[in-house]
Amino acid sequence: MSEMLSIAVQKSGRLSEKSLDIIRQCGIDFGTDSRVLREVADNFPLEFLFVRDDDIPRYVSDGIADIGIVGRNEYDETGLELEVVRDLKFASCRLSIAVPASFDYKGLRSLEGKRIATSYPRILRSVLDKAGVSAELVVVSGSVEITVQIGVADAIADLVSTGTTLRMNGLVEAECIYRSSAVMIARPDMAEEKKRTLYRLMERIDAVMMARKKKYILFNLPKDRLDEAALIIGGMKSPTVTPLMDPGWLSVQSAVDEERFWSVFESLREIGAEGILVMNIEKMTE
Ligand code: PRT
Ligand code: ZN
């Protein structure tokens with residue numbers, strides 16, 4: 001029996017859904033009542049605390065929760081020293097300098113002596129310090145993009161994903177200074193029994209993340225093209241090959257990197273592959 005581990009997850013926001021999705025895909029069942037602030041999983045020693053994302057690093061640091069899922073930006077901004085167990089690769093965004101169109105931006109040097117509005121003063125300050133730039137930081141907790149229009153700042157440093165918000169506010173993305181995505185953080189001083197539970201959880205999360213990066217393909221191939229097909233597929237140890245009734249043909253199956261999928265697909269077509277079947281992989285280990 002492993003010891004109960006508590007995890008702090010954002011209650012409602014950009015991270016909530018995907019944080020819970022990844023845990024659900026680990027085969028861990030829990031209730032879905034969004035009014036509950038605390039919840040224990042049915043079939044795994046995991047207790048959820050649903051909180052605001054800003055509070056997650058602090059709760060983990062104070063031992064209120066053992067682990068948490070939070071944007072790397074929020075974690076770095078606190079300056080706390082916890083263990084970053086994994087980059088979970090969702091909720092990706094960048095912290096960028098944005099300026100009005102009239103601002104002649106020529107790198108961080110252009111910010112010397114300017115007023116920059118941001119919700120991430122610690123991260124911004126460390127970037128500016130490294131570049132030897134001194135600027136006045138105007139710290140706001142939201143609606144950073146309107147500070148230029150209302151005359152509070154000359155430039156901003158804010159999170160960007162599509163860039164739509166900046167454009168809508170007449171700002172131009174001038175330079176990306178930092179990249180973020182959701183990370184799993186943990187208390188560094190966890191008891192051995194809890195560490196074991198965390199290890200079990202991370203093994204499952206790794207399998208889910210690995211599966212997300214791959215597709216499984218199955219196709220029929222003229223026998224004499226097998227070597228070419230193996231080269232195209234690459235990566236994994238080898239494709240699985242099964243004879244078909246027709247002695248001139250084989251059935252071939254293999255996992256393929258999601259990002260290479262279309263080029264693999266087209267190359268296989270070129271060497272005469274037929275009946276290509278593509279499947280999502282639910283879980284996978286190395
Ligand atoms: O209520 P709570 O405090 O829990 O939530 P929150 O409102 O503070 O955070 P939330 O849910 O908005 O974001 C949680 C985390 O998602 C952030 O800490 C980031 O790690 C990550 N993330 C990913 C983003 C974005 N993408 C993002 N685009 N966080 C915010 N934005 C905002 C950005 O600040 C700007 O206002 O979206 C706008 C820009 O989006 P685009 O697509 O127009 O460029
Ligand atoms: Zn927040």
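Two strands are taken to pair if DSSP finds at least two bridges between them. The legends below describe a predicted model.

**Overview of the protein chain.** The chain holds eight helices and 15 strands. Its radius of gyration is 24 Å, whereas the globule rule gives 19 Å for 286 residues; the chain is therefore more spread out than a compact globule. The C-alpha trace spans about 75 × 55 × 35 Å along the principal axes. Of the 286 residues, 46% are buried. Among contacts between residues at least 6 apart in sequence, 69% join residues at least 24 apart.

**Close-up of the open sheet formed by E13, E14, E12 and E15.** Four strands make up this sheet, in the order E13-E14-E12-E15, and their pairing is antiparallel. Strand E13 (240–243) and strand E15 (274–280) are the edge strands, each pairing on one side only. On average, neighbouring strands are turned by 15° against each other, with direction ignored. Helix H7 (residues 226–233) packs on the sheet and touches strand E12 (214–222), E13 and E14. The direction of H7 makes about 10° with that of E14.

**Bridge partners within the antiparallel sheet.** E13 and strand E14 (residues 249–257) are joined antiparallel over four bridges. In this part of the sheet, Val 241 stands opposite Val 252 in E14. Between E12 and E14, the antiparallel pairing extends over nine bridges, and Lys 214 has Asp 257 in E14 as its bridge partner. E12 and E15 also pair in the antiparallel sense, over five bridges. There, Ile 217 stands opposite Val 278 in E15.

Strand E6 (residues 93–100) pairs with strand E9 (residues 155–160) in the antiparallel sense over five bridges. The bridge partner of Ala 98 is Ile 156 in E9.

**Close-up of the zinc ion (ligand 2).** The protein donors of this ion are Asp 53 (OD) and Asp 54 (OD), which lie 1.9 to 2.1 Å from the zinc. The four donor atoms around the ion subtend angles of 75 to 176°. Four donors count as tetrahedral if all angles lie between 85 and 135 degrees; the arrangement at this zinc ion is irregular because of the angles that its donor atoms subtend. For four tetrahedral donors the ideal angle is 109.5 degrees. Asp 53 has a relative accessible area of 16%, so it is buried. Asp 54 counts as partly exposed because its relative accessibility is 35%.

Glu 47 belongs to strand E3 (residues 46–51). With a relative accessible area of 16%, Glu 47 is buried. The cut-off for a buried residue is under 20% relative accessible area. With neighbours within four places in sequence left aside, the residues in contact with Glu 47 are Met 4, Leu 5, Ser 6, Ile 7, Arg 38, Glu 39 and Val 40.

Most residues other than glycine have a negative phi. Lys 89, which is not a glycine, has a positive phi of about 65°. This residue is placed in the loop between strand E5 (83–87) and E6, and counts as exposed at 60% relative accessibility. Ala 91 also has a positive phi, near 55°. Ala 91 lies in the loop between E5 and E6 and is partly exposed, with a relative accessible area of 28%.

Conventions: Residues are numbered from 1 along each chain as its sequence is written. Chains are lettered from A and ligands numbered from 1 in the order in which they are written. This is a predicted model: local features need pLDDT of at least 70, side-chain atom pairs count only at pLDDT 80 or more; totals for chains, interfaces and linings use all residues. Side-chain values use heavy atoms; hydrogens and water are left out. Donors are N, O and S atoms within 2.8 Å of the metal (3.2 Å for Na, K and Ca); water is not among the atoms, so sites may look incomplete. Four donors count as tetrahedral if all angles lie between 85 and 135 degrees; four count as square planar and six as octahedral if opposite donors are over 155 degrees apart and all others between 65 and 115; anything else is irregular. Buried means under 20% relative accessible area, exposed over 50%, partly exposed in between (1.4 Å probe, protein chains only). Helices (H or I, at least four residues) and strands (E, at least two) are DSSP runs, numbered from the N terminus. Axes are lines fitted to C-alpha atoms, for helices over the stretch in contact, and angles run from 0 to 180 degrees between N-to-C directions. Contact means heavy atoms within 4.5 Å. The radius of gyration is taken over C-alpha atoms; the globule rule is 2.2 Å times the number of residues to the power 0.38.
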